Amino acid sequence: PRQQPTTIADRIIVEKSKHQLHLQSRGRIIRSYQIALGPNHQGHKQREGDGRTPEGIYRIDYRNPHSAYHRSLHISYPAAADQQRAAAVGDNPGSDIMIHGLGKQFAAIGKLHTTTDWTLGCIAVTNDEIEEIWKLVPNGTIIEIKP
């Protein structure tokens with residue numbers, strides 16, 4: 001029996017209020033994950049260190065196979081508008097916003113990591129989940145982060 005080809009995601013939707021990340025292909029959800037965010041998950045990221053996850057439309061622009069958090073996919077934050085808004089008030093908009101797994105010291109807790117918002121503004125899933133996302137999400141994929 002031939003294996004069915006894996007469907008590749010063409011869009012990621014993050015619903016911060018529901019702590020969910022969905023992979024979509026042609027408008028259909030193909031996978032969903034419970035996520036952990038930064039401790040101040042309400043509102044758009046304003047500055048470095050505010051503990052917020054950005055909101056808006058970005059892209060997955062590169063990946064790090066040697067991440068301290070198992071594997072990570074980089075989100076193209078800050079966009080030009082984010083940089084301009086922060087510069088207007090003399091702030092650093094922050095950077096290094098990723099979808100990532102769990103560090104070695106926390107890998108064993110698995111899904112329990114979602115009981116607390118613990119990242120610095122990133123989107124965290126389990127190591128098994130980031131392995132799956134890594135395979136299904138090519139660089140250039142659009143990510144829409146909703147409140």
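Me: What is the relative accessible area of arginine 71, and how should I read such a value?

Reply: A residue counts as buried under 20% relative accessible area, as exposed over 50%, and as partly exposed in between, using a 1.4 Å probe and the protein chains only. Arginine 71, at 22%, is therefore partly exposed. Bear in mind that this is a predicted model, in which local features need pLDDT of at least 70 and side-chain atom pairs count only at pLDDT 80 or more, while totals for chains, interfaces and linings use all residues. Residues are numbered from 1 along each chain as its sequence is written, and side-chain values use heavy atoms, with hydrogens and water left out.

Me: Which residue forms a salt bridge with arginine 71?

Reply: Side chains of opposite charge can pair when their charged atoms come close. The term salt bridge is used here for a side-chain nitrogen of Lys or Arg within 4 Å of a carboxyl oxygen of Asp or Glu. The partner of arginine 71 is glutamate 131, with the closest N and O atoms 2.9 Å apart. This pair links distant parts of the chain, since glutamate 131 sits in helix H2 (residues 127-136) and arginine 71 in the loop between strand E4 (56-64) and strand E5 (72-75), 60 residues apart. Such helices (H or I, at least four residues) and strands (E, at least two) are DSSP runs, numbered from the N terminus. Glutamate 131 is also partly exposed, at 21%.

Me: How many salt bridges does the structure hold?

Reply: There are nine salt bridges in the structure. Another one joins glutamate 144 to arginine 11, whose closest N and O atoms are 3.0 Å apart. Because glutamate 144 lies in strand E8 (residues 142-146) and arginine 11 in strand E1 (residues 11-15), this pair ties together parts that are 133 residues apart in sequence.

Me: Which residues have the most contacts inside the largest nonpolar core?

Reply: A nonpolar core is a set of buried Ala, Val, Leu, Ile, Met, Phe, Trp, Tyr and Cys residues joined through side-chain atoms within 4.5 Å. The largest one here has 25 residues, and those with the most contacts inside it are Leu21, Leu23, Ile99, Ile123 and Ile143. Helix H2 gives the most to this core, with four residues. The buried residues of H2, among them Ile130, Ile133 and Trp134, pack against E2, E3, E4, E5 and strand E6 (98-100).

Me: Is serine 72 buried or exposed, and what does it touch?

Reply: Serine 72, found in strand E5, is buried, with a relative accessible area of 2%. Contact means heavy atoms within 4.5 Å, and, not counting residues up to four places away in sequence, serine 72 touches residues including Tyr62, Met98, His100 and Trp134.

Me: Which residues lie nearest the centre of the largest pocket?

Reply: On a 1 Å grid over the protein atoms alone, a cavity is a set of points where a 1.4 Å probe fits but cannot get out, whereas a pocket is an open set with protein on both sides within 12 Å along at least five of seven lines, and lining residues have an atom within 4 Å of a point. The largest pocket is lined by 18 residues, with Tyr69, Asp96, His100, Leu120 and Cys122 nearest its centre. Aspartate 96 lies in the loop between H1 and E6, and has a positive phi of about 55 degrees although it is not a glycine.
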